[in-house]
Amino acid sequence: MKEINGSFEPRGMRFAIAAARFNEIVVAKLVEGAVACLRAHGVSEDDIVLAWAPGAFELPVLSARLAESRLYDAVICLGAVIRGETPHFDYVAGEAARGIRHVALSTGMPVTFGVLTTESMEQALDRAGGKHGNKGWDAAMAAMEMASILEQLPTKE
Ligand code: INI
């Protein structure tokens, strides 16, 4: 039996971060976490691109463009949708999740979901470098792991 696992040694790989500026105080911390994670695993600054969208609703089209360019090994989507301040929370959060999933499936590129969906700003900050870790870091870990797995999977000639 051959078992394939992702590794976390992404030297030479390139990563794009698609970040949503809405709730920027939170998302800036997610970006910090994602970049710190990539740098801690040996990715050079020159191999990271950060592109900002106005809000999480726009992340699908931004991540689609980044993925379709084929310039990156993975795209990391970061955002914060907070119910307490968002009457249309379900639409923004749902469409961001559905859209990002669609980009991943339609491009075959790892596109990871680091979009917080929380009830309050406090819960969001807890997950952006607070007491519940940093989901930006986690989304970068998932991106490295998936890029590594896809690189190892054989294809039939
Ligand atoms: N976008 C977010 O990323 N988070 C939010 O909490 C949010 N709220 O509160 O509405 C939000 N809205 C903006 C949305 O993503 C779009 O940018 C906007 O609707 C324009 O298309």
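Q: Hi! Which helix does Ser63 lie in?
A: Ser63 sits in helix H2, residues 59-68. Helices here are DSSP runs of H or I with at least four residues, strands are E runs of at least two, and both are numbered from the N terminus.

Q: What kind of model is this, and how are residues numbered?
A: It's a predicted model, where local features need pLDDT of at least 70, side-chain atom pairs count only at pLDDT 80 or more, and totals for chains, interfaces and linings use all residues. Residues are numbered from 1 along each chain as its sequence is written, and side-chain values use heavy atoms, with hydrogens and water left out.

Q: Thanks! Is Ser63 buried or exposed?
A: Ser63 counts as buried because its relative accessibility is 0%. Buried means under 20% relative accessible area, exposed over 50%, and partly exposed in between (1.4 Å probe, protein chains only).

Q: And which residues does Ser63 touch?
A: Not counting residues up to four places away in sequence, Ser63 touches Ala18, Val75, Cys77, Ile100, Val103 and Val111. Contact means heavy atoms within 4.5 Å.

Q: What does the side chain of Ser63 reach?
A: The backbone oxygen of Pro60, at 3.1 Å.

Q: New topic: what about Ala40, buried or exposed?
A: Ala40 is exposed, because its relative accessible area is 55%. Ala40 has its place in helix H1.

Q: How many residues apart in sequence are Ala40 and Ile76, and what about in space?
A: They are 36 residues apart in sequence and 16 Å apart in space, C-alpha to C-alpha.

How values were computed:
Polar contact = N/O pair within 3.5 Å; in protein donor to acceptor, adjacent residues only side chain to side chain.
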